[in-house]
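Open your viewer and get your selection tool ready. We will walk through this model one stop at a time.

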Amino acid sequence: MKTIEQQTLVSFIEPALEHVEDNQLRTALQQALANQEPALRTIESVFEKIGSQNWTETSFKLIFNAWKETHLKMLAIYGLSCRMQRMGLEGDVTKEEQHLLFLAAAKNAETSYEDLGLDFDGGTHTELYHNLAESFVSDDSWMLQAFSMPEAKAFKTYVYRNMVVAPDIQTGLFTNMFSEIYNHAEYSIAINAFNRLIDEHYEFTPQQKTKATTYIFAHIEDETELNHFTVVIDALNYYTKATNTAIDYTLAQNTFETYLQKLATVFEALDQKIM
Ligand SMILES: [Fe+2]
Ligand SMILES: [Fe+2]
C-alpha cells in the first residue's frame, strides 16, 4: 500500500502495463496516458480535495451521485457480452469461430462476477456503494435527479453506447478494458482520500469505517480490477481471432484518450459545484 503523499493514477497503472504481452497495445495505453496527463492531474486533484475537508450534505450528495455514474457498468458489460454471443448464435460463422465468440463473451462477462456478488452471497457492489454514500449523507436522496450532473450522466451514456451500440465491438472491449485498469488506479487513490476524510473529520467506530470503505477496498484487494483488465484482453484476443480481424491500435488509443477526457470533464464539473 502506498503512502498518502504524491499519489498519481499513473503510478498505479504502470506496474500493470508490464504484464501486457502485446507491445502495440501497451504502447497505445502508454501514449494515451501520456497525452492525457492534464486529465489525469484534474482527477487526482479532485480526489485530493475530497479527502482534505468535510463537505456539506449537498456536496456529498453531488459527489456520490456523480461518482456512481462513472462506475457500476454491469448493464453495459452484459450488453457487450450479449452482442458477441449473438454473433456466435446468429452470425454466419464456423463451429470454431462460434466457440471463440462464446469465449470472448464469457471472458468479458467475467468482469462482473464481483459486482454481482457471485462469491459473496449475492451482495452486490451497488449495495456496497450505497453503504459508502450513506455513511456520509443522512438519507438516500443522493440518488435523485436533483443531485445528478449532466456531465456525469453524459459519461455514463458514453460508456454504455461504446459498449452496447458502437458499430465496432472492439470499441466496447477497449472501453471495458480501459475502465478496469483506470478504476484499479482510481480506487487506489480514492481509498486514501476517504480514509483521510474519515480519520480527520469523523469519529467513526472501526465497524462504521469498514462499512463505509468496503466498496472501495473490495476493488483493490485481490487485485480485482487488475484481473478484470487482463480478462478483457483475453476477450479481445478471442474476438479478433473469431472475426479474423486485426486489433485496431489506433482505435484503442483514441478510445482510451476519449474516456479520460470525458471523465475529467465530470470531475471538473464536480469540482465547481462542491463546497
Ligand atoms: Fe465493482
Ligand atoms: Fe472491475
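Two residues count as in contact if their C-beta atoms, placed from the backbone, lie within 7 Å. Helices (H or I, at least four residues) and strands (E, at least two) are DSSP runs, numbered from the N terminus. This is a predicted model, in which local features need pLDDT of at least 70 and side-chain atom pairs count only at pLDDT 80 or more, while totals for chains, interfaces and linings use all residues. Residues are numbered from 1 along each chain as its sequence is written, and chains are lettered from A and ligands numbered from 1 in the order in which they are written.

**Stop one: H8.** Please select 125-133, which is helix H8. Which residues of H8 are buried? They are His125, Leu128, Tyr129 and Ala133; buried means that 20 or more other C-beta atoms lie within 10 Å of a residue's own, exposed means 12 or fewer, and partly exposed is in between, with C-beta atoms placed from the backbone. These four lie on the same side of H8, because they cover an arc of only 140° around the axis, the arc being that of the directions from the helix axis to the C-beta atoms.

**Stop two: the loops.** Step back to Asp121, in the loop between helix H7 (113-116) and helix H8. Its phi is positive, near 55°, in a residue other than glycine. Asp121 has 6 other C-beta atoms within 10 Å and is therefore exposed. Next, pick Asp222, in the loop between helix H11 (206-220) and helix H12 (224-243). Phi of Asp222 is also positive and near 55°. Asp222 is exposed, because 10 other C-beta atoms lie within 10 Å.

**Stop three: H6 and H12.** Show helix H6 (residues 95-109) with H12: they pack at about 160°, with axes 8 Å apart. Axes are lines fitted to C-alpha atoms, for helices over the stretch in contact, and angles run from 0 to 180 degrees between N-to-C directions. The two helices are therefore roughly antiparallel, the term for angles over 145 degrees. Residues making the contact include Leu100 and Ala104 of H6, and Ala235 and Tyr239 of H12.

**Stop four: the core.** Finally, colour Ala104, Met177, Tyr239, Phe256 and Leu263, which touch the most other members of the largest nonpolar core, a set of 74 residues. Such a core consists of buried Ala, Val, Leu, Ile, Met, Phe, Trp, Tyr and Cys residues joined through C-beta atoms within 7 Å.

Technical notes: Angles under 35 degrees count as roughly parallel, over 145 as roughly antiparallel, 65 to 115 as roughly perpendicular and the rest as oblique.
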